[in-house]
Amino acid sequence: MVSDRLVLTAAHVCVDAGLALGDRVEVCLLGSRWVTASVAWLSAEVDVGLVRVDETESWSAPGISMLRWGRLTGAEPVAAAAIGFPWAQQRPDMVRDTEHVVGFVAPGTAQQSKLLHLTVLSSAPAERLAVSVPVPDSSGAASAWAGMSGAALLVGPYLVGMVIADPARYERNRLVVMPTGRILAAAGFAEALKDQPRVVEVGAAWRWQFAQGKSLSLAWPYRPLPSGFNAAAARHRLCNPEHAIVPFAGRDDLVAGLVGWCSAGGAKLAIRTITGSGGSGKTRLAAEVCVAVAGLGLDAGFADVDRAGGTTRWELEQPTMLVVDNADLNVSLVADLIRTLAYTDVPVRLLLLARSRDPWWSMLETATESLVDGFDDGDLSLTANVLAPPERYDHFRAACTAFATVLTGGLDPVAARPEPPDLAGDVFGDPLMVHVAALLAVSGDPLGPLPGADQHIRSSVLRAMLNREASRWPRQVADGGLTEPVVLRRCVATATISSPESEQPAATTLTAVPDLAADSENSRRYTLARWLHTLDPGPDYWNPLRPDPLADQLLADLDVLPLLTMTIARNAIEQADHHTIDRLLAELTRASAATGGMATQALNELLHHLLGDILDTTLAAPESPLAQRLTTALQQSPVPDTAATTVDQLPEHSLAFADLAHLLTAQAVDHYRACTATEPDSFMPDLAGSLNNLSNRLADVGRREDALTTVEESVTVYRGLATARPDAFLPDLATSLNNLSNRLADVGRREDALTTIEESVTIRRGLATARPDAFLPDLAMSLNNLSAQLAGVGRREDALTAIEESVTVHRALAAARPDVFLSYLAMSLNNLSAQLAGVGRQEDALTTVEESVTVHRALAAARPDAFMPDLAMSLSNLSVVLADVGRREDALTAVEESVTVYRALAADDEFFLPELAKSLLSQGIRLTEVRNFETALTCDREAVSIYAKLYKVDGDIHRKSLEQAVRNYAIDLKDVGRSDQEIADEIKRLGLF
């Protein structure tokens, strides 16, 4: 329907039926009955017609709304759908049912004809061999798509064209579409429509800004082979899931289940994983789900953080399914998405693809403070959903036909009907293994007898494909056949594990190949660099061999891989090339887990010998994914002895490196624990120290109970050591007691925390008396913590005395060594201000906190990652004290800055959400004091929203804060004139209490 009485159709549908303008027809729209209509307008030029429902008919179409007009823009493929009545849906009673056709439109196709081509991804009809009443397509042959003509092509809610034919020279997976631009411009159409409709541009690229400085685009899961691509020269690319060469089959039930999950109601955010070995079909299954849910009107696609361009969106605008491939290698990205999407206003389904849930899922739980667990809808394991033996042979035949079609240009798609090999082995339950067997058979290199063990069969199949491809490489390199095949294989491996940005650094990278290291090989290195650039086209100058299992097998079998790895890594470290280090870690980690062999040896040697250098490169690139890559690599290939010698390179506190610091420290503990088992006298102090450090790292990632247990063990060990040798180990015991006090306070054990810090202060006071230069800083720190614990149990005057002594010591230390002790002085000043305010000395509190803010502001300007949280905290405290002394406008300014800082911090790490909510409540109070009730209401509403979501994750911790936020919100509602009943209704609407 394009108006309340006009129906759009294809002109040839009317003409072929012998109809002319004004002739009577019958029309039936979905959900309505047949009604009488007449032909109102026809155009042979654009093959479009309009049929008008007779005015005299008493007719309405319940549930049918007028279509909105859209125009495709941009160059990226766009998901689209159409509903028609093709011949393939004809029943024995000659009545046709509907067909929901889903696919994508590549705007660059058929530009000269000014038509659109819909590449069909849902099931295409079988070939129409014999029909009683043939209906021709554009080539004059009987078409299995007959009846689709006139179907509206929709992108979301927008009409972008109308199906008019299926083209010759293609398999039955394309339909020709007349775009809306030509329809609207056709002579007489606007007059017949009696309207000049507004046309919305659709399909334009966009990026979703999901965190500060972080964005992604939603990539359509399928892409056609590049124009002019020589498939015969790079046959392995035909197995890439993004090209969908082989028809999807065998898992329709899994697609239906996931589509149901996406379209069902319930929580706004839900998360599932699809796990399975490389080649099990994870990516293809997710792609099919994207296609299906896009046909239902959802935004759907794969997260792509690399593709540039597109307008920025700050919020998702409609229900969305977002797929993250290789989630196990992108934990930081997934964690950021979960933190943001936990508060989404539109339904979002997050589908994560990985080879298994171990060990990255535990990292994700840590990174999100278990937030992910509240949205986890479970795992779909493809290990339990393999292709059944009969399906494998059907799939093999379909794959042979599909590959032959591409390789012969569609001229002889059934020329190759090879006999299938024995597909009974479990390895052929993975679709990729069947595809590889089919591609080899079509290429004239069928699989021979296979070994018995499943892992050996898998390796044999992948090696056969690699050998088939490698046999063609010498003919592709423009060097007269001088480069030996074994050298080319090493070059392909080099391109897989490195990421040079252009030809010149790529040629330099090839010096890592032993056969190409000499200066005399410079010209050949450039020739090979250019060839590798064309071998696997992609977003980078060099791209890894794909599909993944081929790369895994290549690396696992390469005898020189450890040498190649070390040389490439050293060069990348020297050049600060974190992109190559990133790819090197990712590819080796995946290959080691999947196939082992030389990949495992190379990864182990890399981490043993170059961990310190890689760590320096990682620390220099905090915004890169290197920290997460290195964490995953260390989980796959632990190096406890090396971790023990490099862990001190990490900063004392850093959000960006918290997971890596935790893992490295845990491996250091493992090293010292093992050493202590054989040499306790030598290594017991190292074990105690590493346990103390691990407790701090656990606290940094939110694991409070584990942090407490770990530091308790540290205290136990140090107490034993200090009993035997007090001069050597009393300082360490005091340090671990100080940390134990903090961990006890973290879990709410205030009295125990006070007792523990009092012991630490006693020890450190004695040490500082004897050796002030060495131990005064430690005493000042313990006094600061003692003050906090005294205040926590209500002993305000004693807390003030302790913090005043701490400030005195820290001021003297900061005067002597500001680079070391200024941050400690700022912290103790902030705490002194709080204690002064607690005993009613507001003016002194203000002077003190102003000094704290000044110092923290300078520190944050120099090192924002370390000191922005402290600046936000001191600004919040400054606002409270300013309000106490009646400077309300200044108090509002201070808390507004605090909220701004906390908002930026929380966008990167949900750890700061409680502080953001707390500052918002404070801002609401300050706004109320200056009579700005409406803005105060907005702040408190946001605070309630944050606390409500935090409460769902951990009710014990956030209940009191949520109750206070609701009370403040209710007061604000009263201030803006809401009645008691309206306030009660609003609280009920929020689902609170």
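Buried residues have under 20% relative accessible area, exposed ones over 50% and partly exposed ones a value in between (1.4 Å probe, protein chains only). At 2% relative accessibility, W473 therefore counts as buried.

## Basis

The model is predicted: local features need pLDDT of at least 70 and side-chain atom pairs pLDDT 80 or more, while totals for chains, interfaces and linings use all residues. Residues are numbered from 1 along each chain as its sequence is written, and side-chain values use heavy atoms, without hydrogens and water.

## Chain

Of 993 residues in the chain, 52% are buried. The chain has 35 helices and 20 strands, taken as DSSP runs numbered from the N terminus (helices H or I, at least four residues; strands E, at least two).

## Aromatic pairs

Rings of Phe, Tyr and Trp (its six-membered ring) pair if their centres lie within 6.5 Å; planes under 30 degrees apart are stacked, over 60 edge-to-face and the rest tilted. The count by this rule is six aromatic pairs. W208 and F210 are tilted, because their planes stand at 50° with the ring centres 5.7 Å apart. Both of these residues are buried.

W473 and W531 form an edge-to-face pair, 6.0 Å centre to centre with 70° between the planes. This pair links distant parts of the chain, with W473 in helix α11 (residues 473–476) and W531 in helix α14 (residues 522–535), 58 residues apart. W531 is buried, at 6% relative accessibility.

## Charges over rings

A charge sits over a ring if NZ of Lys or CZ of Arg is within 6 Å of the ring centre and within 35 degrees of the ring normal. R272 has its charged end over the ring of W261, 5.9 Å from the centre. R357 lies over the face of W361, 3.8 Å from the ring centre.
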